[in-house]
Amino acid sequence: MTQSKAAAGQRLHRYWKKLQNKPLGPWLFNKILAFNVPYTGSIKAKVKVLEPGHCQVLMPYRRGNTNHLNSVHALATANLGEMVGGLAMLTGLPDTVRGIVTRIDTEYLKKARGDLIGQADVSIPTVTEDKTEYQVQAHIYDQDGDEVTRVTVTWLLSPTEKN
């Protein structure tokens, strides 16, 4: 069997489009995502919307994401921000571009409690030069719609082949 040349983000987006409206489809998609990105899978977040340049993810409140103060752990919210921003950008990149995270800046604006929604709206960059830095911002909201965390992820993007 030959392996698809599509980039990881494009493969995930194809899976999402095939599964999102099927019974158990979103559940299966989130299992595929967690298998492919195990650390991100540890927060048990659920993709709700996935389009190139836009992503929305629900992170249900669960004990495994809490700290000693019984609020959502700061790094769980940072993980959610990296996930939602990365999915929004990567699903729009062509298969000729690869990327890696080089920096994560996180602003904790309010104690996070309960279910959280991560959202990112990203302009898809055009990448023609090696080592192009690109920042993606994600916003994490609580059940009242208050922003609790803002995550800015710096990606290092490069073409996989010369044009």
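**A hairpin and its sheet**

Strand 5 and strand 6 form a hairpin with five residues between them, and glycine 145 in the turn has a positive phi of about 85 degrees. Helices (H or I, at least four residues) and strands (E, at least two) are DSSP runs, numbered from the N terminus. The model is predicted: local features need pLDDT of at least 70 and side-chain atom pairs count only at pLDDT 80 or more, while totals for chains, interfaces and linings use all residues. Residues are numbered from 1 along each chain as its sequence is written, and side-chain values use heavy atoms, with hydrogens and water left out.

Strand 5 (residues 132-141) pairs with strand 6 in the antiparallel sense over 10 bridges; two strands pair if DSSP finds at least two bridges between them. Tyrosine 134 has tryptophan 155 as its bridge partner in strand 6, and histidine 139 stands opposite arginine 150 in strand 6. Strand 5 also pairs with strand 4, antiparallel, over three bridges; here the bridge partner of glutamine 119 is histidine 139. Strand 3 and strand 6 run antiparallel and are joined by 11 bridges.

These pairings belong to an open sheet of six strands in the order 1-2-4-5-6-3, with antiparallel pairing. Its edge strands, strand 1 (46-51) and strand 3 (97-108), each pair on one side only. From one strand to the next the twist averages 20 degrees. Helix 4 (residues 74-90) packs on the sheet and touches strand 1, strand 2 (54-59), strand 3, strand 4 (116-121), strand 5 and strand 6; its direction makes about 150 degrees with that of strand 2. Contact means heavy atoms within 4.5 Å, and axes are lines fitted to C-alpha atoms, for helices over the stretch in contact, with angles from 0 to 180 degrees between N-to-C directions.

How enclosed is strand 6 by the rest of the structure? Of its 13 residues, 10 are buried, so strand 6 is largely enclosed. Buried means under 20% relative accessible area, exposed over 50%, and partly exposed in between (1.4 Å probe, protein chains only).

Threonine 149 lies in strand 6 (residues 147-159) and is buried, with a relative accessible area of 1%. Tyrosine 108 stands opposite threonine 149. Leaving aside residues up to four places away in sequence, threonine 149 touches Thr77, Thr106, Glu107, Tyr108, Leu109, Ala138, His139 and Ile140. Its side chain makes a polar contact with the side chain of threonine 77 (3.3 Å). A polar contact is a pair of N or O atoms within 3.5 Å; within protein, one must be able to donate a hydrogen and the other to accept it, and residues adjacent in sequence count only if both atoms are side-chain atoms.
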